[in-house]
Amino acid sequence: MDFKTSNEETKTGIYLLQEGTEEPFNIRLHLTKDILTIQEQDVICVSGEPFYSSERTVTIRRQTIGGFGLSIKGGAEHKIPVVISKISKEQKADLSGLLFIGDGILQINGINVRSYRHEEVVQVLRNAGEEVTLTVSFLKKTPAFLKLPLCEDCTCVPSDQSSGTSSPLCDSGLHLNYHPNNTDTLSCSSWPTSPGLRWEKRWVDLRLIPLLHSRMSQHVPGSDVCRKNAFQVIAVDGVCSGVIQFPSPDDCADWLQAIAGSISGLTKHNVKKINRNFPVNQQIIYMGWVDEKEQDSVQDRMYSPKFLALRGSSLFKFSAPPVTTWDWTRAERSFTVYEIMSKILKDNDLLDKRKHCFSVQTESGEDMFFSVELEGELLIWEKAFQMATFLEVERIQCKTYACIMESHLMGLTIDFSMGFVCFDAASKAVLWRYKFSQLKGSSDDGKSKIKFLFQNPDSKSIEAKELEFSNLFAVLHCIHAFFAAKVACLDPMFVESQGSATSAGMAALSSLTCSSLTPKLKYAT
């Protein structure tokens with residue numbers, strides 16, 4: 001059940017909510033651009049200043065045909081009081097505003113029946129006489145398995161036969177006409193014991209989830225187990241929606257996309273405001289929640305939520321979104337974007353049951369694995385990382401690393417315009433230089449050494465240059481970043497839209513791999 005306004009600003013639907021180990025119950029979702037509201041049904045007094053009722057007392061009389069005109073479900077065997085599940089048409093007009101489907105029967109003629117089983121309540125009502133006083137309270141979290149109607153239009157069919165047997169999951173009709181003093185003169189209407197008070201069943205707010213910096217999760221917390229047609233939304237302050245359950249995969253996906261869209265819109269607006277306070281070279285490119293796979297994971301805690309941000313030259317990893325300037329100095333870890341590498345994991349690369357995953361290899365060769373909820377979020381991350389790397393390479397233009405060649409201390413400069421330049425660290429004299437296009441292949445030992453294979457432009461012969469670095473992975477990733485930026489510059493669509501490089505352009509770099517064991521650089525002609 002779902003409703004959207006014509007301008008798509010709000011979205012509403014009735015679904016199920018499960019909190020902890022409790023049985024799911026009906027709730028209504030209401031989504032706007034900045035808040036997800038979860039509502040439950042309740043009965044409130046509307047005869048004066050509205051207030052929420054706890055208990056109501058209503059006196060009804062047995063009718064000649066139709067008896068009490070009520071049907072009930074539930075009982076102590078389900079850890080709830082007996083609940084009114086239907087009201088007959090004959091009683092409906094008289095009981096309007098007094099009794100409601102979903103009311104739990106707490107007392108019958110002063111007898112506390114809260115802990116009575118279903119059949120026991122039926123027997124009490126059979127023996128209650130022609131007039132019965134019910135103390136009721138609306139059960140806001142009636143278990144969904146009772147299948148109570150959400151509206152008052154569902155009525156039971158009156159009968160002149162009393163019920164023989166009853167079931168807590170089936171409607172027990174309280175027509176119960178047998179009584180030795182039953183006469184037509186007693187078949188009068190019901191009335192409240194508190195004249196003038198009237199109630200209405202309404203949807204009232206149970207929980208409000210501000211969507212800025214909120215996160216969604218389809219997975220059982222900490223695991224790779226994906227819930228079936230269900231997810232939860234967790235606010236930045238830790239308030240959780242509970243597990244929202246949907247009748248079909250399409251409904252679940254529709255709401256996931258809608259909520260993700262609201263979160264994304266708020267994030268973009270927030271980033272735009274924050275960037276006004278940062279210089280051009282410190283602008284935020286990306287902010288968002290991910291789940292990080294634990295390095296030393298145990299079975300019940302494989303993943304932990306983290307908040308990633310790409311800002312200026314750095315990738316930041318937080319345990320919570322940064323709000324103040326001081327927060328940016330307290331990241332769990334930070335990395336230079338051109339000295340790390342991000343990779344979207346294909347089906348064969350996935351580590352477990354989680355589908356939308358990517359890895360980040362650090363400057364030390366450490367692999368970190370992350371998961372997001374939707375494929376669209378994965379694409380947003382990929383584009384943002386490529387853009388952050390491109391902008392930083394374009395800004396710095398060159399990067400120099402200390403190295404050893406033939407037992408001498410050297411420097412290798414990776415220059416966006418000139419390519420590779422190797423010079424003596426002491427004299428600064430240039431020993432050799434090659435353009436990016438002259439690099440025809442490479443190999444490394446996975447520890448410190450890289451052998452470059454350059455083509456001499458005049459003789460066309462291959463010239464090998466072996467260098468040793470103390471930070472091998474940082475150098476490999478930096479070279480990859482400069483090559484990727486070079487390819488992106490050849491793609492006008494990338495520059496104009498500040499999106500990712502085209503798949504055709506990036507294909508030229510597909511032979512470059514940086515694994516944690518044996519990183520290799522290989523470039524086709």
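Asp254 has a relative accessibility of 29% and therefore counts as partly exposed in this predicted model. Its salt-bridge partner is Lys11, with 2.5 Å between the closest N and O atoms. The two residues belong to distant parts of the chain: Lys11 is in strand 2 (residues 11-18) and Asp254 is in helix 3 (residues 249-275), a separation of 243 residues. Lys11 has a relative accessibility of 4% and so counts as buried.

In total, 17 salt bridges are found in the structure. Among them is the bridge between the side chains of Arg354 and Asp291, with an N to O distance of 2.8 Å. This pair also links distant parts of the chain, 63 residues apart. Arg354 is in the loop between strand 22 (341-344) and strand 23 (357-361), whereas Asp291 is in strand 18 (residues 284-298). Both Arg354 and Asp291 are buried.

A salt bridge also joins the side chains of Lys293 and Asp352, at 3.3 Å from N to O. Because Lys293 is in strand 18 and Asp352 in the loop between strand 22 and strand 23, the pair ties together parts that lie 59 residues apart in sequence. Lys293 is buried, and so is Asp352. Elsewhere, salt bridges link Glu19, Lys141 and Arg207 in a network.

The cysteines were examined next. A disulfide is a covalent bond between the sulfur atoms of two cysteines. With a cut-off of 2.5 Å between the sulfur atoms, the number of disulfides is zero. Cys226 takes part in no disulfide, and the nearest cysteine sulfur, that of Cys252, is 7.7 Å away. The relative accessibility of Cys226 is 44%, so this residue counts as partly exposed. For Cys403, the closest cysteine sulfur belongs to Cys422; the distance is 5.0 Å, which is too far for a bond. Cys403 is buried, its relative accessible area being 2%.

The second largest pocket has a volume of about 830 Å³. It is lined by 34 residues, of which Ser264, Thr267, Tyr286, Met287 and Ile380 are the closest to its centre. Strand 15 (215-217), helix 3, strand 18 and helix 4 (375-396) each give two or more residues to the lining of this pocket. By residue class, the lining of the second largest pocket consists of 17 nonpolar, 11 polar and six charged residues.

Helix 5 covers residues 472-489, a run of 18 residues. At 1.5 Å a residue this helix should span 26 Å, and the C-alpha atoms at its ends are 26 Å apart, so the two values agree. Helix 5 is mostly covered, with 16 of its 18 residues buried.

Ile450 is located in strand 30 (residues 449-455). This residue is buried, with a relative accessible area of 1%. Along the chain, Ile450 and Lys465 are 15 residues apart, and their C-alpha atoms are separated by 8.2 Å.

Methods. Residues are numbered from 1 along each chain as its sequence is written. This is a predicted model: local features need pLDDT of at least 70, side-chain atom pairs count only at pLDDT 80 or more; totals for chains, interfaces and linings use all residues. Side-chain values use heavy atoms; hydrogens and water are left out. Buried means under 20% relative accessible area, exposed over 50%, partly exposed in between (1.4 Å probe, protein chains only). A salt bridge is a side-chain nitrogen of Lys or Arg within 4 Å of a carboxyl oxygen of Asp or Glu. Helices (H or I, at least four residues) and strands (E, at least two) are DSSP runs, numbered from the N terminus. On a 1 Å grid over the protein atoms alone, a cavity is a set of points where a 1.4 Å probe fits but cannot get out, and a pocket is an open set with protein on both sides within 12 Å along at least five of seven lines; lining residues have an atom within 4 Å of a point. Grid points are joined across faces, edges and corners, and a volume is the space filled by probe spheres set on the points. Ala, Val, Leu, Ile, Met, Phe, Trp, Tyr, Cys and Pro count as nonpolar, Asp, Glu, Lys and Arg as charged, and the others, Gly among them, as polar. The expected span of a helix is 1.5 Å times one less than its number of residues.
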